[in-house]
Amino acid sequence: MSPSETARDVASPAGAQDSAPAERPVITVEDVVIRYGTATAVDRVGLTVAAGETVALIGPNGAGKSSLVNAIMGLIRPAAGSVRVHGRAALVPEGRQLFPELDVEDNLRLGAWPLRSQGAKARDTTRVYEVLPDLADLRRRRAGTLSGGQQQMVAFGRALMADPEVLVVDELSLGLAPLITAALADHLRELNAARGLAVLLIEQNARLALDLCTRAYVLEAGRIRIEGPSRQLADSAEVAAAYLGGAAEPPGPEGDDG
Amino acid sequence: MSEFVQYLISGLAVGCGFALLGSGLVTIHRVTRVVNFAQGMFAVVAGLTAGSLLSAGLPHGVAEIVAVLAAGATGLLVGIAAIGRRGTSPQSALIITLGIGFLAYAIEIMIWGDNPHSFPGLGGAVDIAGAHLQKQYFLVIGAAALGFAALGLFFTRTYLGKALGACASNPYAARAVGINVTRMGLVAFTLGGMLGGVAGVLVTPLQSLSYNSDVLLITNGFAAAILGGLNRLGPAMLGGLALGVAESMVAGYYKASYQSVVALALMLAVMIWRASQHTALHEEAAR
Amino acid sequence: MTQQLTPAQARISFADLAARLRSPRTLAVLAVCATALLLPQILSGSDMPVYVTLLLSAIVVTGLSMLMGYAGQVSLGHASFYLIGAYTAALIATHDKPTWLGLLAAPFAAALVAAVIGIPLLRLRGHQLAFATLAMQLILLNVVGQQEWTGGDIGLQGVPRLTVAGYEFATVSSYAYLALGALAVVVLITRNVVASRPGRGLRALATSEVAAESAGVPVVAYKLVVFSLSAGFAGLAGGIYAFYTGYVAPGSFPVLLSFEFVVMAVIGGLGTIWGALAGATAITLLLQQLNELGTAEGMPSSAPVVLSYAVYGVLLVLVVLFLPRGLVPSARDWWVRRRRPNPEP
């Protein structure tokens, strides 16, 4: 009953990576268990994201990724374990989740809700338009009328409005054309490089995630199966087979032989 | 002609009350999905409180404002009972607000007895187009217009108003950006209480209120609100005004005793018409 | 007792577990029936009217509970059908027609009205239907209060006593037995409806109309049938009420009465016959006690009203928040949980 323990040994633990970020963690998840009724969605999962680090969380549908995200964001309470966020985490939710009746400007401004005690200046959206200039032209458009890619951009902008230490991106590529996904990925890279913004990217598209992030976790059936530097994971036969379409093999049997 | 003006203005004044009540219902429903059966009670509480404060010697203006704040506090309490406990469905919350209406009856009878109460509003009258019109009508219309303007500004110009709109638009997203949706629901209940309170203090000088006036008030407020599907303020306001005028016309030209029947029949017609536009599938999908 | 059984007996009783579980229930049913039948003999003169009121409420609430619990429809205007039944009986009886015809016509008139208005009304759901039924009652009260043939606000006076096959129902206890008989009929009909195939379809309806519809349940027809049936029950109670009190007036059927029926149904537990009976009993008895307390010496004149409203309110809120399924289903769960730890061999 300890596939996750053995899996953790496949790759060396956090720290042995080339980009050598500061060790100060922004997200620490320890032994988190999430249950819905009697079903266990997440089973004793540990995960860290250090300041300025880009970390991917990959895995098949229903592996518990979204549950973990909700726990990190404080939207659900884990049954056991602890989640600590040092500083502020902002979420780019799965499926964008904008406020469709409100315009882009208001969607962005509401992203600064955690900073509401700091007054009107914290709600100034110019800093987002500087980073995502495409949004400036859309500022008066109702969010519900935008294309998927534009909406994802607004979701990014809204998350940035909270001045986060770490951006949690739930399904960057879902439902978007590859070109648009690539553009958004570039934005993420830039934000990380220029501002030292840490990123936790939850992706089904493992190739994209491993390409974008320096370190990755593979979540399967509620447990961390593998973790390590992205490069190492990309080279791992197991990951390649299951997630990178290396062998034309469907997700297949999992866990028991690991 | 003079009769018509008379009925129109008095109908608009009463309709302002319905419109305010309807707006309160919409404000609460948008954020919480709860149809607040205690909405009429807020008006009763404010109207009776204002009367007591005035007879205790408080000046006009102060008494009314205190009464509206009292209604707001009542709204907050109703909200805590209706949505404070996690997992209370909107349907259960409706029954809870019904229960609180009973509790309010008990308290109101203890404080004010079971007789209708009123208090004098703005005295005097003016003659317009041959119609003899109480000044209170115009005060009601003016004050309600100010109230609506303030409400509109609140929702379109303030950050808190925007956050309430966000909760209505997408509760999950609201939580994702860190908005506490339950707390916003309580804000909505407080605001709904104050709107009901404004209706109460404005209308009480026109028609006296007793503890059980709330049933007719809530039905009229609901009739106004249902025009916009309980989610839009504009139609709720217009609906309230139209209802007030329709009732006034029926009472004036036909028979006073049929005025509420007309309003209720109108409401039924609108609801059934709206229902024929939406199937059960729509509604359950929207849940 | 269980420990003394031989293994063979234990095996048999294990096989008959279902039957054994039912037997205390059968005993309970018999006990309740016996008590109900004996009560008119035991109760004092001043308590009898309370008993009749209780039984009439129970008839209405059984139907309402089925409507709310099985068809998932909230009616805030069920006293309308009580009114229609009462006026039907009173009108027939005061127009020199046989009184038994009045009693017979009462439930049918109410059910017919429900079927007709139900066609447009039942397109509404949830709070919309709640308000629509409330509006319907307000309209009805208003209209009835203004017609000459209904006696206006004064209503119809001098309704003769009910006479069936030469027997005149003259005493309070005769009406108690009449109401008991009616309640028995209503309970049996409800039981059969609930246990039938349509009944199971209805249960699906309460959770999701869409799911029920896609499973082939004729949603609209079922809703209409249950609505009419529950209205018919209320009409029957109204018919008895008219003969029992001897007069009917709009003031006897306020909107608050409708709310009271809802309170009884919710508190007892929606969708259960026992819940409806328990809810009607609990609320009627509680109100009776409060009334005695409120009219005690030294109490202000408004005390009975204040107390009853306060209790309605507090009970309704507490039950919905903390026993959302109502008294009877919660008590049943507790009973089952309590028994389960006993190890079965």
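Let's start in chain B. Helix α1, residues 2-32, packs on helix α9, residues 214-226, at an angle of about 70°, and the two axes are 7 Å apart. That angle makes α1(B) roughly perpendicular to α9(B). Keep in mind that this is a predicted model.

Who makes the contact? On α1(B), the residues are B:Phe18, B:Ala19, B:Leu21, B:Gly22, B:Leu25 and B:Val26. On α9(B), they are B:Leu217, B:Asn220, B:Gly221, B:Phe222, B:Ala224 and B:Ala225. By class, that contact has 9 nonpolar residues, 3 polar and no charged.

Staying with chain B, here is the record. An unreviewed UniProt entry lists "transmembrane region" for residues 6-28, 40-59, 65-84, 93-113, 137-160, 181-202, 222-246 and 258-276. How do two of those stretches look in the model? Take 93-113 of chain B. It is 95% helix and 0% strand, with its end C-alpha atoms 28 Å apart. Now 137-160 of chain B. That one is 96% helix, again with 0% strand, and its end C-alpha atoms are 32 Å apart.

Next, the B and C interface. On the chain C side, 36 residues are in contact with 38 residues of chain B. Which elements of chain C give two or more residues? They are α6 (126-144), α9 (209-214), α11 (255-268) and α13 (303-322) of chain C. The most comes from α6(C), with 12 residues. By class, this side of chain C has 25 nonpolar residues, 8 polar and 3 charged.

On to chain A. The domain assignment gives domain 1 as 24-87 + 165-243, and domain 2 as 97-162. The contact between them involves 7 residues of domain 1 and 7 residues of domain 2. On the domain 1 side, helix α6 of chain A, residues 178-195, gives the largest share, 4 residues. That side has 5 nonpolar residues, 2 polar and no charged.

Now the sheets of chain A. One is an open sheet of 3 strands, in the order β2-β1-β4, with antiparallel pairing. Its edge strands are β2 (39-50) and β4 (80-85) of chain A, each pairing on one side only. From one strand to the next, the twist averages 15°. Strand β1(A), residues 25-36, pairs with β2(A) in the antiparallel sense over 8 bridges. To find that pairing on screen, look for A:Pro25, whose bridge partner in β2(A) is A:Ala50. Helix α2(A), residues 65-72, lies across β1, β2 and β4 of chain A, and runs at about 120° to β1(A).

Another open sheet in chain A has 6 strands. The order is β5-β6-β7-β3-β8-β9, and the pairing is mixed. Why is one side of β5 (89-92) and of β9 (223-229) of chain A left without a neighbour in the sheet? Both strands stand at the edges with a single partner strand each, so one side of each has no neighbour there. Here too, the twist averages 15° from one strand to the next.

Inside this sheet, β6(A), residues 166-170, and β7(A), residues 198-203, pair in the parallel sense over 5 bridges. One pair to look for: A:Val169 has A:Leu201 as its bridge partner in β7(A). And α2(A) comes back here. It packs on this sheet, touching β3 (54-58), β5, β6, β7 and β8 (215-220) of chain A. The direction of α2(A) makes about 150° with that of β6(A).

Conventions: Residues are numbered from 1 along each chain as its sequence is written. Chains are lettered from A and ligands numbered from 1 in the order in which they are written. This is a predicted model: local features need pLDDT of at least 70, side-chain atom pairs count only at pLDDT 80 or more; totals for chains, interfaces and linings use all residues. Two residues are in contact if their C-beta atoms, placed from the backbone, lie within 7 Å. Ala, Val, Leu, Ile, Met, Phe, Trp, Tyr, Cys and Pro count as nonpolar, Asp, Glu, Lys and Arg as charged, and the others, Gly among them, as polar. Domain bounds come from an automatic or database domain assignment. Two strands pair if DSSP finds at least two bridges between them. Axes are lines fitted to C-alpha atoms, for helices over the stretch in contact, and angles run from 0 to 180 degrees between N-to-C directions. UniProt positions are given in the numbering used here, feature names are shortened, and annotations may be inferred rather than shown by experiment. Angles under 35 degrees count as roughly parallel, over 145 as roughly antiparallel, 65 to 115 as roughly perpendicular and the rest as oblique.
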